[in-house]
Amino acid sequence: MHARINMLAGDPAMLGEATRYLEGTVRPDVEGQHGNRGLACLVNADLGTCIVASYWDSADAMTASEQAVQVARKEMAEMVRGSVTIEHYEVPVFVRRSRPARGAGVRLARVECAPGNIDAFIEEFRNSAAPELMDLPGLASAHMLTDRTSGRCIVITAWQDMAALATSRAASARLRADAAAVMHLQVRAVEEYELVFTSIRDGDTRSLIERDVELWNTKDYEGWMAGMDLFRMSTQAPGGMRMTGREAAETIWNTWQQAFPDNQLETLAIHADDRGGVHEFRATGTHTGTLRGPAGEIPATGRTVRMDACDVYECDGGKITSVHLFFDQTELLRQLGLTAGS
């Protein structure tokens with residue numbers, strides 16, 4: 001995995017407008033590009049600094065996206081009346097206990113390593129530092145960025161909230177000091193931010209499925225669509241529903257989000273391998289909209305539905321290419337106060 005780090009510095013009063021533009025306009029476009037694994041936005045509201053990090057399957061995918069993001073980058077810099085610097089890295093280590101939520105605390109430790117020692121530093125971080133970090137209370141995730149040419153590295157840790165970030169300062173400083181002594185590193189800077197949003201996937205199919213469910217539950221249509229390969233997408237569902245392409249994804253969304261606007265998916269289990277996975281879930285929702293399917297339309301009944309179901313996913317290239325939904329149609333009709341064939 002590779003990462004592009006954009007650091008903006010400008011007027012603190014304009015930071016909110018810039019991050020809203022990023023999340024609402026820029027994010028869906030970037031996440032929809034081939035090879036993208038998500039974005040993260042971090043801010044220090046007091047200083048007027050913002051880090052926008054985009055993650056990619058490969059260096060080629062990151063390079064191919066450069067032209068598409070130039071205009072958005074320029075517009076954000078103009079919004080904050082400031083400047084932007086850009087850095088490119090590999091991401092050799094990424095570990096996560098949980099997905100950090102909006103408002104999480106994030107620390108960036110910028111260190112320098114002799115370029116010839118980068119591989120040794122990566123192994124030291126993977127085998128020693130990362131497990132010790134994961135034992136610290138409040139840690140959500142940690143990953144390492146490296147530039148093999150210059151020896152510049154960044155260790156990024158995300159914490160459950162700003163309080164956990166503050167509590168971790170002493171323990172994190174000790175770990176940095178130990179690593180610096182063992183690996184002869186130079187710690188150049190330590191920065192702290194608040195997380196505005198993150199959609200980073202660490203690359204496996206389980207994280208793709210988890211992200212798909214998260215975006216569904218938060219009703220983020222643009223983000224949810226960006227997780228699909230809309231050229232290869234196909235879907236099947238009970239009742240004879242079979243569709244392909246963008247229409248397949250749009251039909252999944254519209255069928256259930258319009259019929260059950262308050263619906264939520266509770267994950268019971270995820271079974272995944274490198275090709276896809278099965279998501280077992282419990283769906284709940286109130287039938288306040290028209291349910292449209294191949295057999296016709298069911299007007300709103302006002303009834304609450306609670307039933308178990310599963311989705312079978314196929315994934316490729318960091319995107320979802322197929323979703324097959326399985327549920328008990330008879331049970332759904334019963335909970336809606338209907339009978340099969342009515």
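Biologist: In which sense do strands β2 and β3 pair, and over how many bridges?

Modeller: Strand β2 spans residues 36–44 and strand β3 spans residues 49–56, given that helices (H or I, at least four residues) and strands (E, at least two) are DSSP runs, numbered from the N terminus. Two strands count as a pair if DSSP finds at least two bridges between them. For β2 and β3 the pairing is antiparallel, over 7 bridges.

Biologist: What pLDDT do local features need here?

Modeller: Residues are numbered from 1 along each chain as its sequence is written, and side-chain values use heavy atoms, with hydrogens and water left out. This is a predicted model, in which totals for chains, interfaces and linings use all residues, side-chain atom pairs count only at pLDDT 80 or more, and local features need pLDDT of at least 70.

Biologist: Which residue in the turn of the β2–β3 hairpin has a positive phi?

Modeller: Within this pair, Asn36 has Trp56 of β3 as its bridge partner. The hairpin leaves 4 residues between β2 and β3, and the residue in the turn with a positive phi, about 75°, is Gly48.

Biologist: What is the order of the strands in the open sheet of 6 strands?

Modeller: Strands of a sheet pair through backbone hydrogen bonds, either parallel or antiparallel. In this open sheet the pairing is mixed, and the order is β10-β9-β16-β15-β12-β11.

Biologist: Is Ser322 buried or exposed?

Modeller: Ser322 is found in strand β16, residues 319–326, and β16 runs parallel to strand β9 (residues 234–237), joined to β9 by 3 bridges. Ser322 touches Met233, Ser234, Val312, Tyr313 and Glu314, not counting residues up to four places away in sequence, where contact means heavy atoms within 4.5 Å. Because its relative accessible area is 4%, Ser322 counts as buried.

Biologist: How long is the polar contact that joins the side chains of Ser322 and Ser234?

Modeller: Ser234 stands opposite Ser322 in β16. A polar contact is a pair of N or O atoms within 3.5 Å; within protein, one must be able to donate a hydrogen and the other to accept it, and residues adjacent in sequence count only if both atoms are side-chain atoms. A polar contact also joins the side chains of Ser322 and His324, while for Ser322 and Ser234 the value is 3.4 Å.

Biologist: How far apart are the closest N and O atoms of the salt bridge between Glu123 and Arg126?

Modeller: A salt bridge is a side-chain nitrogen of Lys or Arg within 4 Å of a carboxyl oxygen of Asp or Glu, and by this rule the count comes to 26. Glu123 and Arg126 both lie in helix α4 (residues 118–134), 3 residues apart, about one turn of the helix. Glu123 is partly exposed at 38% relative accessible area, as is Arg126 at 33%. Their closest N and O atoms are separated by 2.4 Å.

Methods. Buried means under 20% relative accessible area, exposed over 50%, partly exposed in between (1.4 Å probe, protein chains only).
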